[in-house]
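Here is a short briefing to read alongside the sequence and the model. It goes topic by topic, with the cut-offs given as the terms come up.

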Amino acid sequence: MIERGAGAHGGGDALLLDDVFRGPSEDPLARQAGHRAGIASVMIGVSAGLSAASGAPVALTAGGTRLAG
């Protein structure tokens, strides 16, 4: 069971900031995302912005790290 922490996002913000500025902590549930997941997350936002601006769908590659086509 994952315990709810104090503060925003159930305590997740404090954990994220600790990992960013103090280094990764022990994570027995393997919840930390790697750089590829971070890139894919950014690309989803980029695609949403492009789609909203153009009104057309925007496709990503299967790995989600590049615009398709």
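Is S25 buried, exposed or partly exposed? S25 is partly exposed, with a relative accessible area of 41%; buried means under 20% relative accessible area, exposed over 50%, and partly exposed in between, with a 1.4 Å probe and protein chains only. Please keep in mind that this is a predicted model, in which local features need pLDDT of at least 70 and side-chain atom pairs count only at pLDDT 80 or more, while totals for chains, interfaces and linings use all residues. Residues are numbered from 1 along each chain as its sequence is written, and side-chain values use heavy atoms, leaving out hydrogens and water.

**The loop between α1 and α2**

- S25 sits in the loop between α1 (12–22) and α2; helices (H or I, at least four residues) are DSSP runs, numbered from the N terminus.
- Not counting residues up to four places away in sequence, S25 touches D19 and Q32, where contact means heavy atoms within 4.5 Å.
- S25 and L15 are 10 residues apart along the chain, and their C-alpha atoms are separated by 8.6 Å.
- P28 is also found in the loop between α1 and α2, and it counts as exposed at 70% relative accessibility.
- From P28 to L60 there are 32 residues in sequence and 31 Å in space, C-alpha to C-alpha.

- The structure holds 1 salt bridge, defined as a side-chain nitrogen of Lys or Arg within 4 Å of a carboxyl oxygen of Asp or Glu.
- Its partners are the side chains of D18 and R22, at 2.3 Å from N to O.
- Side chains of opposite charge can pair when their charged atoms come close.
- Both D18 and R22 lie in helix α1, 4 residues apart, which is about one turn of the helix.
- D18 counts as partly exposed at 33% relative accessibility, whereas R22 is exposed at 69%.

**Helix α2 and its two faces**

- Helix α2 covers residues 35–54, 20 residues in total, and reaches 28 Å from its first C-alpha to its last, close to the 28 Å expected at 1.5 Å a residue; the expected span is 1.5 Å times one less than the number of residues.
- A40, M43 and S47 are buried in α2.
- Seen down the axis of α2, the buried residues fall within an arc of 60°, so they line one face of the helix; the arc is that of the directions from the helix axis to the C-beta atoms.
- Just after α2, G55 takes a positive phi of about 80°.

- T65 lies in the segment after α2 and is buried, with a relative accessible area of 18%.
- Apart from neighbours within four places in sequence, T65 is in contact with R36, I39, A40 and M43.

**A nonpolar surface patch**

- V42, V46, L50, V58 and L67 form a nonpolar patch on the surface, with about 370 Å² of accessible area together.
- Patches are made of residues with over 30% relative accessible area and no salt bridge, joining like charges within 9 Å and nonpolar side chains (Val, Leu, Ile, Met, Phe, Trp, Tyr) within 5 Å; areas come from the Shrake-Rupley method with a 1.4 Å probe, and for residues only the protein chains shown count as cover.
- V46 lies in helix α2 and is partly exposed at 36% relative accessible area.
- V42 is found in helix α2 and is exposed, with a relative accessible area of 53%.
- V42 and G64 are 22 residues apart in sequence and 9.4 Å apart in space, C-alpha to C-alpha.
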